[in-house]
Amino acid sequence: MVEMKFFGMDFSCALGSLSNGQFPEKDCLLPLISKLLGYCIVAASTTVKLPQILKILKHSSVRGLSVVAFELEVVGYTIALAYCLHKGLPFSAYGELAFLLIQGIILVAIIYYYSQPLGTKTWIRALLYCAIAPTILAGQIDPFLFEALYASQHAIFFFARIPQIWANFKNKSTGELSFLTSLMNFGGSMVRVFTSIQEKAPLSVVLGSVIGILTNGTILSQIIIYQKPPARKEKKAD
């Protein structure tokens, strides 16, 4: 059988079964589906935060958005990306983290711009991140500390969502949160559970995706519950 491998995906097994008039077996089909879904997530991640960015720019407002929540997201993406890079996981298993990190940084910068004037604590947090992030991404830290950091990033992502969830509940509004971005975050977390299991990623990686399903699902449901129905136009009297 001629090998047909592209980007780490082996099509020869599935195509061989189909050419013989047989449906591919589970052990042949699932790894291929996992790889395809993984690359789909990576491709979709290049624009996942774009709707949120465009909504802020359109309304020139960050009403209802938690600055700390988005800051913690960036910290979590940084740690997760660094860990996956230095663990040598296949790109299809974590590639979206690189694009989410870049978009997350842009999003935080935009939120800062529309949150002027910024307090001293905000500037300190931003400067600390700029000073420490390159070291973490380069993997130039003690291996034990690296493992501890990665273990903590699940808590970071969890607590990144809590301020936003609480703000939504308190205000009975989701402000400028983007439905489309939240939907893609939720869907991506669901698919990533499947791909992580198929790629035999560490249990901690799978746990992170499960936490993502719970928190992103909560925010998505809040957007649906708290969204205001469009105002009806009053008919003019004849």
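**Exercise 1. The span of α5**

Task: In this predicted model, compare the reach of α5 with the span expected at 1.5 Å a residue.

Solution: 
- Step 1. Count the residues: α5 has 18.
- Step 2. Take the distance from the first C-alpha to the last, which is 26 Å.
- Step 3. The expected span of a helix is 1.5 Å times one less than its number of residues. For α5 that comes to 26 Å, and the reach of the helix is close to it.

**Exercise 2. The buried side of α5**

Task: List the buried residues of α5. Then find the contacts of I111 beyond its sequence neighbours.

Solution: 
- Step 1. Apply the cut-off: buried means under 20% relative accessible area.
- Step 2. Read off the residues of α5 that pass. They are E96, L97, L100, L101, Q103, G104, L107, V108, I110, I111 and Y112.
- Step 3. Pick I111 and set aside neighbours within four places in sequence. What remains in contact with I111 is I56, V62, L65, V67 and F70.

**Exercise 3. The largest nonpolar core**

Task: Which residues of the largest nonpolar core touch the most other members, and which elements supply the core?

Solution: 
- Step 1. In soluble globular proteins, nonpolar side chains tend to be buried together.
- Step 2. The core holds 37 residues, and I56, L65, F70, L97 and I111 touch the most other members.
- Step 3. Trace the elements. Two or more residues each come from α3 (50-59), α4 (67-87), α5 (96-113), α6 (120-137), α7 (143-171) and α9 (203-226).
- Step 4. α4 gives the largest, with 9 residues.
- Step 5. Check the domains. Domain 1 (24-141) and domain 2 (143-228) each contribute at least three residues to this core.

**Exercise 4. α3 and its partners**

Task: Which elements do the buried residues of α3 pack against? Follow α8 from its side through T181.

Solution: 
- Step 1. List the buried residues of α3: P51, Q52, I53 and I56.
- Step 2. Name their partners. These residues pack against α5 and α8.
- Step 3. Move to T181, in helix α8. Its relative accessible area is 5%, so T181 is buried.
- Step 4. Skip residues up to four places away in sequence. T181 then touches V48, K49, P51 and Q52. Of these, P51 and Q52 are also among the buried residues of α3.

**Exercise 5. Backbone exceptions in the loops**

Task: Where do residues other than glycine show a positive phi, and where does a cis peptide bond occur?

Solution: 
- Step 1. Start at S60, which follows α3 and is found in the loop between α3 and α4. Its phi is near 50°.
- Step 2. Classify S60. The relative accessible area is 45%, so S60 is partly exposed.
- Step 3. Go on to K172, in the loop between α7 and α8. Phi of K172 is positive too, near 50°.
- Step 4. Classify K172. With a relative accessible area of 46%, K172 is partly exposed.
- Step 5. Locate the cis bond. It joins Q116 and P117, with omega about -5°. P117 sits in the loop between α5 and α6.

**Exercise 6. The surroundings of S173**

Task: Which backbone atom does the side chain of S173 reach, and which residues is S173 in contact with?

Solution: 
- Step 1. The S173 side chain reaches the backbone nitrogen of G175 at 3.1 Å.
- Step 2. S173 is then in contact with R63, A167, N168 and Y226.

**Exercise 7. L214: buried or exposed?**

Task: Classify L214 as buried or exposed, then give its C-alpha distance to R161.

Solution: 
- Step 1. Apply the cut-off: exposed means over 50%. L214 has a relative accessible area of 57%, so L214 is exposed.
- Step 2. Compare sequence with space. L214 and R161 are 53 residues apart in sequence, with 10.0 Å between their C-alpha atoms.

**Exercise 8. The whole chain**

Task: Summarise the elements, burial, contacts and surface of the chain.

Solution: 
- Step 1. Count the elements: 9 helices and 2 strands. From the N terminus, the order is β-β-α-α-α-α-α-α-α-α-α.
- Step 2. Take burial. Of 238 residues, 42% count as buried.
- Step 3. Take contacts between residues at least 6 apart in sequence. Among these, 78% join residues at least 24 apart.

How values were computed
Residues numbered from 1 in each chain as written. Predicted model: local features only at pLDDT ≥ 70, side-chain atom pairs only at ≥ 80, totals over all residues. Heavy atoms only, no water. Core = buried A, V, L, I, M, F, W, Y, C linked by side-chain atoms within 4.5 Å. Buried < 20%, exposed > 50% of the residue type's maximum accessible area, 1.4 Å probe, protein only. Helix = DSSP H or I, 4+ residues; strand = E, 2+ residues; numbered from the N terminus. Domains from an automatic or database assignment. Contact = heavy atoms within 4.5 Å. Areas by Shrake-Rupley, 256 points an atom, 1.4 Å probe, with all protein chains shown as cover. Polar contact = N/O pair within 3.5 Å; in protein donor to acceptor, adjacent residues only side chain to side chain.
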